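Please look through the sequence and the model shown here before reading on.

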Amino acid sequence: MRNRKEALYKEIELRSNIGVEGVRFDPNIFKSVLEKDANIAASHNCMDFSLDDTTNVEIPGGFRLDHGIGVQLNKNYRSPYYLEEEDGTIYLKNDGVVLSKIEVTKASPIYGKNTSDGTSMKTIVAAGDGQYGDKQILVAYSNECALKDKGLDCLFCNINATKDRFAEKEKIEWKNPKQIAETVKAAYELGYNHLTITGGFIPERREVEYYLDTAETIREYLGTDTFNGTACIGAPQDISVLEKYKEAGFSTVGINLEVWNKDFFKAICPGKAQLCGGYDNWIKAIDYAIQVFGVGNVRSNFVPGLEPKEYLLEGIETLAEKGVVATAALSWVPNIGSKLEGHRTPTPEWHWDVQQKIYRILRKYGRTFEQVYNATPGAILLHDFYKVEDGLLLHKNV
Ligand code: SF4
């Protein structure tokens, strides 16, 4: 069992490294799996993390390594990691050494369904493959952010560029509450059990009405008062509004600071800083959210690599101590169309160290896997640490 745990840790580190470096491959190696099931192809409902342009090719959303750790497939021709097919099997390699056999991530069964107006549910949610308990769904209600029009979009974000490149091809549009509710109902009937709703800034900050309408419609479709959902929101100017999200049926909220240091926040997230009452109001909103939703039911996500490690970990520790699920879902990669495109992120070693430290901080303050699962949008790397340490991955095919 010890060997399996060590092997799993190696795979988590590999996942972290590939999250930073991407992977190179000839897209033709995926031809046969995509011919068998076209729904395996990645869709781009929100942001794109490949460093190479993939608009003219179909590639899967990800793959699993030998021991089951899932990896997002981000293309980067400069990466030291590469995929090669031999006799129908695809291997992950580095410098000629086989690191793992890979299994392309299966398409969620929800992707084969349509809403009553004929919209493919694949354009509405990103859903886990269901393996190893990955049963979360993510709805990006909009695939654009109004901050761009004011020149205030976050420097690391490429949501609008992703829309320009993929939306027409993949038929991705704004989602209405009915489409979302039908999709959530279908997913929950298939065994999915957590929903996150997110999206870019809506002009004039009309997100409250949108979220409340959507929550009401979901409750109507499910016939329940609550639905284990996370509303991912900007800090409201009037923080009492947070109570409305709770009353509407959301069980958790995500209020993503992205960077901790106040000056970095102003520089990296100018729109979040200027239009939501300033940095101090973000902190106030997080504090109040803890009062409304309770310890372990508020998440704040950070993008590691944008500020010194010392600042980031100070932020994680400060928030975790208050009971916040402070996360770093994805390492910063200077992706296509973001203002920081062409820059460099810190080394894979820097990122691996940060991910391990974040996990230890959350454990130190008593956050459980269940809390982290119910406050995050998908199977992020942090889940892997919890699953390994809680014995949830020690047997294959759980
Ligand atoms: S608020 Fe920032 S991170 Fe969120 S969608 Fe807009 S630009 Fe992107």
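## Basis of the description

Contact here means that heavy atoms lie within 4.5 Å. The model is predicted, so that local features need pLDDT of at least 70 and side-chain atom pairs count only at pLDDT 80 or more, whereas totals for chains, interfaces and linings use all residues. Residues are numbered from 1 along each chain as its sequence is written, and side-chain values use heavy atoms, with hydrogens and water left out.

M47 is placed in the loop between α2 and β1, where helices (H or I, at least four residues) and strands (E, at least two) are DSSP runs numbered from the N terminus. Leaving aside neighbours within four places in sequence, M47 is in contact with C157, N158, I159 and T162. M47 and N335 are 288 residues apart in sequence, yet 9.0 Å separates them in space, C-alpha to C-alpha. M47 counts as partly exposed because its relative accessible area is 30%; on this scale buried means under 20% relative accessible area, exposed over 50%, and partly exposed in between, with a 1.4 Å probe and protein chains only.

I40 also belongs to the loop between α2 (31-36) and β1 (62-64), but with 13% relative accessibility I40 counts as buried. Apart from neighbours within four places in sequence, the contacts of I40 are V33, L34, I59, P60, G61, V104, T105 and A107. Of these, I59 is 19 residues from I40 in sequence and 8.0 Å from I40 in space, C-alpha to C-alpha.

## The shell around the ligand

The ligand is surrounded by C145, L147, D153, C154, F156, C157, I159, G200, F201 and K272, a residue being near a molecule if one of its heavy atoms lies within 4 Å of it. By class, this shell has seven nonpolar, one polar and two charged residues; Ala, Val, Leu, Ile, Met, Phe, Trp, Tyr, Cys and Pro count as nonpolar, Asp, Glu, Lys and Arg as charged, and the others, Gly among them, as polar.

T183 lies in helix α4 (residues 177-189) and counts as buried because its relative accessibility is 0%. Not counting residues up to four places away in sequence, T183 touches I110, T115, M121, I124 and V125.

The axes of α4 and helix α5 (residues 207-222) come within 8 Å and cross at roughly 40 degrees; axes are lines fitted to C-alpha atoms, for helices over the stretch in contact, and angles run from 0 to 180 degrees between N-to-C directions. The two helices, α4 and α5, are therefore oblique to each other, since angles under 35 degrees count as roughly parallel, over 145 as roughly antiparallel, 65 to 115 as roughly perpendicular and the rest as oblique. From α4, residues including P177, K178 and Y188 meet residues of α5, among them Y210, D213 and L222. The residues of this contact of α4 with α5 divide into nine nonpolar, two polar and four charged.

## Helices α11 and α13

Helix α11 (residues 348-364) packs against helix α13 (residues 381-389) at an angle of about 60 degrees, with the axes 10 Å apart, which makes α11 oblique to α13. W352, Q355, Q356, Y359, L362 and R363 in α11 meet L381, L382, F385, Y386 and E389 in α13, and the residues of this contact comprise seven nonpolar, two polar and two charged.

Helix α13 is mostly covered, with eight of its nine residues buried; these are L381, L382, H383, D384, F385, Y386, K387 and V388. After α13 comes G391, whose phi is positive, near 75 degrees.
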